[in-house]
2 protein chains.
Amino acid sequence: MFFVIWEGRKLQNLGRELLIIMAARVFDSVLVTGSNRGIGLELIRQLVDSPSSPLQIFACCRDPDGPSAKELQTLADKHKDVITIVQLVTDSPESVVAAAKMVEVRLNGKGLNLVINNAGVNIPGSLLETGKQELVDVYTTNVVGPMLMAKHFHPLLCKSAAQFPDQSKMSCSRSAIVNVSTLLSSIKKCPENFSMSPMYPYRLSKAALNMLTRCLAEDFKKDAILVMALHPGWVQTEMGGPKAPLTTAQSVSGMITVITSLTEKHSGTLLDWEGKVIPW
Amino acid sequence: MFFVIWEGRKLQNLGRELLIIMAARVFDSVLVTGSNRGIGLELIRQLVDSPSSPLQIFACCRDPDGPSAKELQTLADKHKDVITIVQLVTDSPESVVAAAKMVEVRLNGKGLNLVINNAGVNIPGSLLETGKQELVDVYTTNVVGPMLMAKHFHPLLCKSAAQFPDQSKMSCSRSAIVNVSTLLSSIKKCPENFSMSPMYPYRLSKAALNMLTRCLAEDFKKDAILVMALHPGWVQTEMGGPKAPLTTAQSVSGMITVITSLTEKHSGTLLDWEGKVIPW
């Protein structure tokens, strides 16, 4: 007789059971920053449309009532029971604290499983076109934002991790932070792609984001919170431009596959949307 | 008969000639930021006291007339013909531009061989003790400063590189930028030393400085300007504290040996004060 053991249960009627596994929720709750467009919006869309949709999706953006959040609003109206739109300016400590409080109330005593720090900016340009302001602005959004998110959502992530039965395992089902990084963050790979995209402010900020990821992975190990960085590929978004080889749907589909299969060995790593390791 | 060939010259009377080699200037001009104390001050001291002292040393600091620059002032008074103290706030574009003009005048038509971006700050602290301001302040000094220095001293470095006869070689004799980094900048090494020194703002900024180093190394390759990052070791300075294993003199002596032996293969690398490669 052919059967598999899954989460301690012996699965005999494999066809039916596999359907159950495939439709099983990987995480109950997820929060995505910068979710009004591009990769963020597509993450919300694919998560909510999946048969294994989380119970609660917190879709964060700077200006939920503005024209740039219209698509997100329509999506949230269609899935009122699942999607909560949260006004959030990630690099404002007050805004992050307020968002964490709002999410805590909605979770009603439960912890938060997963934070995806997706919000980010880029200012392309050569060294001559780069000044103090460009460097500081991009760093503030791309690094200070994720740092504040980690700091102020830490209690909710701890609560979720503590509720998990198996203390030795890490996963996004339990508690995790995924920082959206980029191949251009790799100091080692810089000589291969510098001339095509100098982008000083962006590259510098994302290398720092990788260090933040690695620091948080060490720091939060004691709490069993997994922290990793994810390169979505070069994607046809407003930031990626029309020449990019990947559609947003393809990239996000890959990202979700990677995210849902993370274990403790991935904490503190930088992976691409296909799960391949990118060197620092 | 025993002889060696050095810079195209046949050296026969080896004892005397070796003394000449050892005393030969490696670079005519050097600029050091943050030179009023710690590693910066010791760099100026060892450079000017060496038999191979550069012809011109530009010792930069924020407040040359303040009490924190008293030792530097005394040293400069003793070596009036070599040391020029330059008032410089590295993260102020106006200040960097003004300093570059002043240095250009003093160089009197010659280029500048070497910029050592030594000025830096640290705010130790856990994640809980780290806020937006700490991250931005440390990034501004440790990353924006070296970026502005590279940008505005680029013409003087190019002039020096262009005057060198052999177009295929890179060295500090010709034209170079050395960014003072740290072992704590290594994302790969983070798990080994995180718990001892969390230092989020410092680590994040120095990882970004490494990326800046690697970008500049690519960018300035066409100009034959060598760019690298150097870890001075854990040194008994105000920043390093009294528990550090290395004296400032030991560290700087090692740094100078590494700096003077750099070739094109070291451009875009991170080395320690003994010349060992540190992974990103």
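Guide: In this predicted model, two residues are said to be in contact when heavy atoms of the two lie within 4.5 Å. By that criterion, and leaving aside neighbours within four places in sequence, B:Thr237 is in contact with B:Gly38, B:Ile39 and B:Thr248.

Visitor: Where in chain B does B:Thr237 lie, and why is B:Thr237 called buried?

Guide: B:Thr237 belongs to the loop that joins β8 (226-231) to α8 (248-260) of chain B. The relative accessibility of B:Thr237 is 18%, and the word buried applies under 20%, so B:Thr237 counts as buried.

Visitor: What makes the pair B:Thr237 and B:Gly240 a polar contact?

Guide: A polar atom of the B:Thr237 side chain and the backbone nitrogen of B:Gly240 are 3.0 Å apart, and the cut-off for such a pair is 3.5 Å.

Visitor: How do you know what span helix α2 of chain B should have, and which end-to-end distance is found?

Guide: Helix α2 covers residues 38-49 of chain B, which is 12 residues.

Visitor: Which residues of α2(B) are buried, and what covers them?

Guide: The buried residues are B:Ile39, B:Gly40, B:Leu41, B:Glu42, B:Leu43, B:Ile44, B:Leu47 and B:Val48. Their cover includes the strands β3 (29-32), β4 (56-61), β5 (83-87) and β6 (114-117), together with the helices α3 (70-78) and α8 of chain B.

Visitor: How do α2(B) and α8(B) pack, that is, at what angle and with what handedness?

Guide: The axes of α2(B) and α8(B) are 9 Å apart and the angle is about 65°, in a right-handed crossing. On the α2(B) side the contact involves B:Gly38, B:Ile39, B:Glu42, B:Leu43, B:Gln46 and B:Leu47, which meet B:Thr248, B:Ala249, B:Val252, B:Ser253, B:Met255 and B:Ile256 of α8(B). These residues divide into seven nonpolar, four polar and one charged.

Visitor: Which helices of chains A and B cross at roughly 145°, and what kinds of residue make up their contact?

Guide: They are α7(A) and α7(B), each spanning residues 200-219, whose axes come within 8 Å; the crossing is right-handed. The contact draws on residues including A:Tyr200, A:Leu204 and A:Met211 of α7(A), and B:Tyr200, B:Leu204 and B:Met211 of α7(B). By kind, 16 are nonpolar, none is polar and four are charged.

Visitor: What makes the phi of B:Asn108 and that of B:Met199 worth a remark?

Guide: Most residues other than glycine have a negative phi. B:Asn108, which is not a glycine, has a positive phi of about 55°, and B:Met199, also not a glycine, has a positive phi of about 40°.

Visitor: Where do B:Asn108 and B:Met199 lie, and is each buried or exposed?

Guide: B:Asn108 sits in the loop between α4 (93-107) and β6 of chain B; its relative accessible area is 67%, and exposed means over 50%, so B:Asn108 is exposed. B:Met199 sits in the loop between α6 (190-193) and α7 of chain B; at 18% relative accessibility, against a limit of 20%, B:Met199 is therefore buried.

Terms used
Residues numbered from 1 in each chain as written. Chains lettered and ligands numbered in written order. Predicted model: local features only at pLDDT ≥ 70, side-chain atom pairs only at ≥ 80, totals over all residues. Heavy atoms only, no water. Helix = DSSP H or I, 4+ residues; strand = E, 2+ residues; numbered from the N terminus. Buried < 20%, exposed > 50% of the residue type's maximum accessible area, 1.4 Å probe, protein only. Polar contact = N/O pair within 3.5 Å; in protein donor to acceptor, adjacent residues only side chain to side chain. Expected span 1.5 Å × (residues − 1). Axes fitted to C-alpha atoms, helices over the stretch in contact; angles between N-to-C directions. Left-handed = near helix turned anticlockwise from the far one by under 90°. Nonpolar A, V, L, I, M, F, W, Y, C, P; charged D, E, K, R; others polar.
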